[in-house]
Amino acid sequence: MEDRKLYETAQGMLDNAYAPYSGFSVGAALLTADGIVFTGVNIENGAYGEVICAERTAAATAVAAGYREFKAIAVASSKGEAWPCGICRQFLYEFSPAMRVITGADADHLESAVLSDLLPHGFRLEIDGQTAGGPEAEKEGAR
Ligand SMILES: [Zn+2]
């Protein structure tokens with residue numbers, strides 16, 4: 001799937017974002033290695049610590065459905081370019097360090113980066129000498 005289409009899918013989610021406090025709506029579209037797209041939105045809460053970002057909403061939905069290998073995630077916001085926060089970078093790194101992250105001011109001005117470049121030396125827990133996550137995560141861990 002091309003970057004633009006994935007980004008437009010993320011944009012299409014903006015109306016579902018729940019952001020009454022910040023007014024900063026975010027939509028995400030996560031592309032799995034199998035070519036399936038999972039979407040997410042940011043969900044705020046009156047107890048501010050309970051906020052969850054669009055990227056993690058999409059990833060949690062994908063993992064719950066049995067998908068753990070991701071190719072790319074596109075992030076759109078009501079205020080233009082929106083790179084994932086540190087928590088989301090680490091959350092996604094668990095599964096696919098080599099995935100691409102796509103965002104931009106609009107669909108005509110997209111930028112992308114490899115997740116491991118956005119999170120240098122990301123945390124990987126090894127158990128019995130093996131990293132968790134999908135096969136892509138294994139490859140990244142072996143670099
Ligand atoms: Zn985040």
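In what order do the five strands of the open sheet run? They go β2-β1-β3-β4-β5, with mixed pairing. Keep in mind that this is a predicted model: local features need pLDDT of at least 70, side-chain atom pairs count only at pLDDT 80 or more, and totals for chains, interfaces and linings use all residues. Residues are numbered from 1 along each chain as its sequence is written.

View 1. Strands (E, at least two residues) and helices (H or I, at least four) are DSSP runs, numbered from the N terminus, and two strands pair if DSSP finds at least two bridges between them. β2 (37-41) and β5 (110-114) each have a single partner strand, so one side of each has no neighbour in the sheet.

**View 2. Where β1 meets β2.** Here β1 (residues 26-32) pairs with β2 in the antiparallel sense, over five bridges. Look for L31: its bridge partner in β2 is V37.

**View 3. The β4-β5 hairpin.** Five residues sit between these two strands. β4 and β5 pair in the antiparallel sense over five bridges, and T103 stands opposite E111 in β5.

**View 4. Two sides of helix α3.** In α3 (residues 86-93), C88, L92 and Y93 are buried (20 or more other C-beta atoms within 10 Å of a residue's own, with C-beta atoms placed from the backbone; exposed means 12 or fewer, and partly exposed is in between). They cover an arc of only 135° around the axis, so they are on the same side of α3; the arc is that of the directions from the helix axis to the C-beta atoms. On the other side, G86 and I87 are exposed.
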